[in-house]
Amino acid sequence: SRGLGDVYKRQPYDQWKITFENGQKWKQKDNYKLSLKTGQRVILTKGSLSSVYLQKENTTKRIKVKRLK
């Protein structure tokens, strides 16, 4: 699991832009709703066709993300 650094919603589609504590930057690629807070622990998992999903620890709800940096 990883710790979230800065998280904020991107307009106009209410998608997340996420910076992890290690400096990695990611952005949400789908329109699913997920509540996130700075400092929260999350898990990144690989899906099919090189997709990556982010979910909070101890939940099954997830969003598709893409690494920016």
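**A buried glutamine and its surroundings**

Analyst: The side chains of Gln15 and Asn31 are joined by a polar contact of 3.2 Å, a term for a pair of N or O atoms within 3.5 Å where, within protein, one must be able to donate a hydrogen and the other to accept it, and where residues adjacent in sequence count only if both atoms are side-chain atoms. This is a predicted model, in which local features need pLDDT of at least 70 and side-chain atom pairs count only at pLDDT 80 or more, while totals for chains, interfaces and linings use all residues. Residues are numbered from 1 along each chain as its sequence is written, and side-chain values use heavy atoms, with hydrogens and water left out.

Gln15 lies in strand S2, strands being DSSP runs of E with at least two residues, numbered from the N terminus. With a relative accessible area of 8%, Gln15 is buried; buried means under 20% relative accessible area, exposed over 50%, and partly exposed in between, for a 1.4 Å probe and protein chains only. The Gln15 side chain also reaches the backbone oxygen of Asp30, at 2.9 Å.

Asp30 belongs to the loop between strand S3 (25-28) and strand S4 (41-46), and at 13% relative accessibility Asp30 is buried as well. The side chain of Asp30 makes a polar contact of 2.9 Å with the side chain of Gln28, and a polar atom of the Asp30 side chain lies 3.4 Å from the backbone nitrogen of Tyr32. When neighbours within four places in sequence are left aside, Asp30 is in contact (heavy atoms within 4.5 Å) with Gln15, Ile63 and Lys64. Tyr13 is 17 residues away from Asp30 along the chain, and the C-alpha atoms of these two residues are separated by 9.4 Å.

In soluble globular proteins, nonpolar side chains tend to be buried together.

Key: Helices (H or I, at least four residues) and strands (E, at least two) are DSSP runs, numbered from the N terminus.
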